[in-house]
Amino acid sequence: AILGVSETRLGLYRRHGLHALYHGDEAVIETAGFSLEGRPIRKVRQSVSRLEKSGYTVEVRLLSELDEARLRQLERVSAEWRAGSAERGFSMALDELRRDDHGDTTIAFALDETGRPRGFLQFVPSFGRSAASLAFMRRDRETPNGLTEFLVVRSIEALRERGVEEISLNFAAFGRLIKEPRNAPE
């Protein structure tokens with residue numbers, strides 16, 4: 001089995017007796033073209049607006065820039081999110097929020113009206129290109145609906161300002177199959 005094959009190579013693999021099986025797509029955002037304008041993204045725009053009106057803000061920092069107190073607050077959010085379960089990241093899984101070799105990861109954290117962190121995203125840089133991949137997505141379970149969307153939107157904007165051109169939100173299993181069952185690839 002070969003995973004993550006480009007369509008340009010399918011002929012080669014078929015000639016060797018292999019078969020293609022669609023199993024999903026990587027959800028990639030090109031930051032330059034991202035906008036909250038238009039009807040298709042209306043619900044996301046409403047979530048962002050609702051969180052801002054509630055006093056939420058987002059800060060974006062490198063992990064290495066965070067002090068011990070802030071790291072402990074984020075680890076508390078993560079521990080409460082996991083509710084005793086072992087750490088499991090997305091397809092770009094990191095084992096834990098902080099390690100010595102994670103200092104170059106980007107953390108976007110949502111602060112409520114009191115300044116308390118209520119959720120965060122962690123992005124891993126993609127070396128050799130201007131891209132980042134989502135590793136962790138955590139939030140306090142008592143936060144308002146839409147907090148994750150709020151964090152994603154503000155992260156896209158902040159990373160775009162930092163020169164990141166592409167953000168992977170990671171693997172979406174059977175995305176095309178769910179959206180358009182008749183048009184899904186083999």
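The structure holds 8 salt bridges, in what is a predicted model. Take Glu 52 and Arg 154 to start with: their closest N and O atoms sit 2.3 Å apart. This pair links distant parts of the chain, with Glu 52 in helix 2 (residues 42–53) and Arg 154 in helix 4 (residues 147–161), 102 residues apart. Glu 52 is partly exposed at 39% relative accessibility, while Arg 154, at 18%, counts as buried because the cut-off for burial is under 20%.

Then there is Arg 116, which bridges to Asp 140 with the closest N and O atoms 3.1 Å apart. Arg 116 lies in the loop between strand 3 and strand 4 and Asp 140 in the loop between strand 5 and helix 4, so the pair ties together parts 24 residues apart in sequence. Here Arg 116 is partly exposed at 41% and Asp 140 is buried at 8%.

Glu 166 pairs up with Arg 129, the closest N and O atoms being 2.2 Å apart. Glu 166 belongs to strand 6 (residues 166–173) and Arg 129 to the loop between strand 4 and strand 5, 37 residues away. Shared partners also join Asp 112, Arg 116, Arg 118 and Asp 140 into one salt-bridge network.

Now for helix 3. Its 15 residues (68–82) reach 21 Å from first C-alpha to last, close to the 21 Å expected. Arg 70, Leu 71, Leu 74, Val 77 and Ser 78 are buried in this helix. Viewed down the axis, these buried residues fall within an arc of 120 degrees, so they line one face of helix 3. They pack against strand 3 (106–111), strand 4 (117–126) and strand 5 (131–139). Just past the helix, Ala 83 takes a positive phi of about 50 degrees.

How values were computed:
Residues numbered from 1 in each chain as written. Predicted model: local features only at pLDDT ≥ 70, side-chain atom pairs only at ≥ 80, totals over all residues. Heavy atoms only, no water. Helix = DSSP H or I, 4+ residues; strand = E, 2+ residues; numbered from the N terminus. Expected span 1.5 Å × (residues − 1). Buried < 20%, exposed > 50% of the residue type's maximum accessible area, 1.4 Å probe, protein only. Arc of directions from axis to C-beta. Contact = heavy atoms within 4.5 Å. Salt bridge = Lys/Arg side-chain N within 4 Å of Asp/Glu carboxyl O.
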